[in-house]
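Take a look at the model below.

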Amino acid sequence: MRALSPRAARLGDSMRSFGEAALRNVPEPDLTALRAAAHQLRALLGGAGAASGAATDRLREQVSQFRQTGRLPDARAARLVCWGTTLRDPQASALIEDSDRFPNLIHEVDGFRASRRPYRRCWRGLLDGYVRYDPTEAVEAGRRNWTMLREYLNDNLPTLERSGSPPDWLVTIDEHPNLLGENPCDRYGSALLEGDAEVLEPLRRDLGVGDSSWMMRRIFDAQIDAAVAYDDARFRRVMPRVVGLIADHDLLADGALARVLDRYARCAAVEVEPALRDLSVARWGNPWLERNDTLWTAVDDATRQMVSSWLKLSLIEKFFSLLSEDRLNDQRRVAFWKGYVDRIDDMHFALGETGYRNPAADFRALRSAMAGRLLRLDDAGTARNNAFIMRMGGRVFVEFGEKGNAMFAFDAADAPFDLKQPSISGNKTALKHPSHLARMIHTDVGGERWEHKIERRIAELLGHSPSRAARTAEIAVPRPLHAAPPWGAAPSWVRPALPVDRPVPRTSDPLAVFAAHSIKSVDLRDKGGSLWAYAPERGPASAVLRARGFVWSERRGAWYLKS
């Protein structure tokens, strides 16, 4: 080997010296978090055996002997049997589901109370069974024994040995004694909604509370309980976290979503909540389609109507944003149709070849949102044209996306096209058929805005639509984000912001209203139901009923006032 030159040798010595100095200055690593993670991983992967210091086979052996003898010969056997209460094998159910032997186990363990450290180890093993066993999915004997176990652990927690340096698990259960009460997880709901995720870390680390534990489901419920109990402002502030929570828990989502939707519908000032809308539609489908009735029965009729309006409004906005040619003028069309959201009974969208085949993500999302009401538009002049088809009462109104197209109105009972077909023609054979009842253009004439002219024509066609002044006075509210423009009525889900301690105004004598308008009614409030008024949704009394707190039920075809 060739010898290094003196200069190279000096350079090597310097480099070694610098390296040793650098290593001396490196601080000792903090392995606390790593050790905690390893401890939790061993508990989760190894089960009771890993936490008790014994293999699972040893636990089964001791449990089997206890089943045969009914005795715990020594503290070691007692500890192992306590850690094995939830173990299952093909020959026998879990010990906690044994109506005779499990109570006897508690009696036997109690005999070690005088041996304070061994008793504490047994108590810890029983705690593991309490955390792991799910009483909601248990047989009757298992539920009874689990309840008995919870009471036993709760009663004896104060007696555990705490001299010297107590183990981490004991410190944690001392800080979280609520886990052994009848409402073990209520404490965490509000804290987690406010972003304090670390509150659960000691439970995971020291008590082995994993994602599959019944406690995590109770903690989920606690967050929903806390959210729906908040006042309106706080409830809406945590809505993004609530929506994310529900979306992340698929098996628990439907019940929680129904509670949150109904609570949102009771807010004094209701505006569109896009994330809540998208989540509910993704899970339960389009709320105004009959084929989704079963899923939407989880919420009140008024709540379903609210989401229906949200979805209709969203589709209107997206149609005129993505599928129209004159976007400046079409913002006026968006604003105009917002005022009719609650009056639109059904809507279809016929897309030209460009919109129907466009692979862009926003177009794919739009077509998905239109599922069940999407058609292909043929013979509409160009492949870029699209049609927006609305049914209100006994009329069908057709808007087109391309500039220069008028709006057409037809009699729904005698329309010259079939919306149940996969495609429809945008020419005079269908959507522009000469049998139309009206042809309306979007052009301002003589200083009058086209909105006012079309509104008057729609009122004439519907026959019973209130005038602009009547509709504007019907719901006088501060203008929220998606409120109607001056020429349209505010959607029914838009309500004025009221003080929390001030009730929504209700009529003192609804019978007088019924008598004045010859309305039949059924009063079920004394039975926990509602006061029902059988009047048309868009009849002459609709404004009066809505102003007095009545809500339209599509399913029953009547108005109701909740008790």
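**Aromatic pairs.** The model is predicted. Across the whole structure, a search finds 21 aromatic pairs. One of them joins F320 and F388 in an edge-to-face arrangement. This pair bridges distant parts of the chain: F320 belongs to helix α17 (residues 301–322), F388 to strand β3 (residues 386–392), and 68 residues separate them. Both F320 and F388 are buried.

F388 also pairs with F349. Their planes meet at 5°, under the 30 degrees required, so the pair counts as stacked. F349 sits in strand β1 (residues 346–351) and F388 in β3, so this contact ties together parts 39 residues apart in sequence. F349 is buried, as is F388.

| Pair | Centre to centre | Angle between planes | Geometry |
|---|---|---|---|
| F320 and F388 | 6.0 Å | 85° | edge-to-face |
| F349 and F388 | 5.2 Å | 5° | stacked |

**The strands around F388.** β1 and β3 run antiparallel, joined by 6 bridges. Within that pairing, F349 has F388 as its bridge partner in β3.

β3 and β4 make a hairpin, with 2 residues between the strands. G393, in the turn, has a positive phi of about 60°.

**Charges over rings.** Which ring lies under the charged end of K432? That ring belongs to F400, and the charged end sits 4.9 Å from its centre. R263 lies over the face of F235, at 4.9 Å from the ring centre.

**Helix α15.** This helix spans residues 274–284. Its buried residues are L276, R277, L279, S280, V281 and W284. They pack against α13 (239–247), α14 (253–265), α16 (293–296) and α17. Helix α17 is also the element that holds F320. Just after α15 comes G285, with a positive phi of about 85°.

How values were computed: Residues are numbered from 1 along each chain as its sequence is written. This is a predicted model: local features need pLDDT of at least 70, side-chain atom pairs count only at pLDDT 80 or more; totals for chains, interfaces and linings use all residues. Side-chain values use heavy atoms; hydrogens and water are left out. Rings of Phe, Tyr and Trp (its six-membered ring) pair if their centres lie within 6.5 Å; planes under 30 degrees apart count as stacked, over 60 as edge-to-face and the rest as tilted. Helices (H or I, at least four residues) and strands (E, at least two) are DSSP runs, numbered from the N terminus. Buried means under 20% relative accessible area, exposed over 50%, partly exposed in between (1.4 Å probe, protein chains only). A charge sits over a ring if NZ of Lys or CZ of Arg is within 6 Å of the ring centre and within 35 degrees of the ring normal. Contact means heavy atoms within 4.5 Å. Two strands pair if DSSP finds at least two bridges between them.
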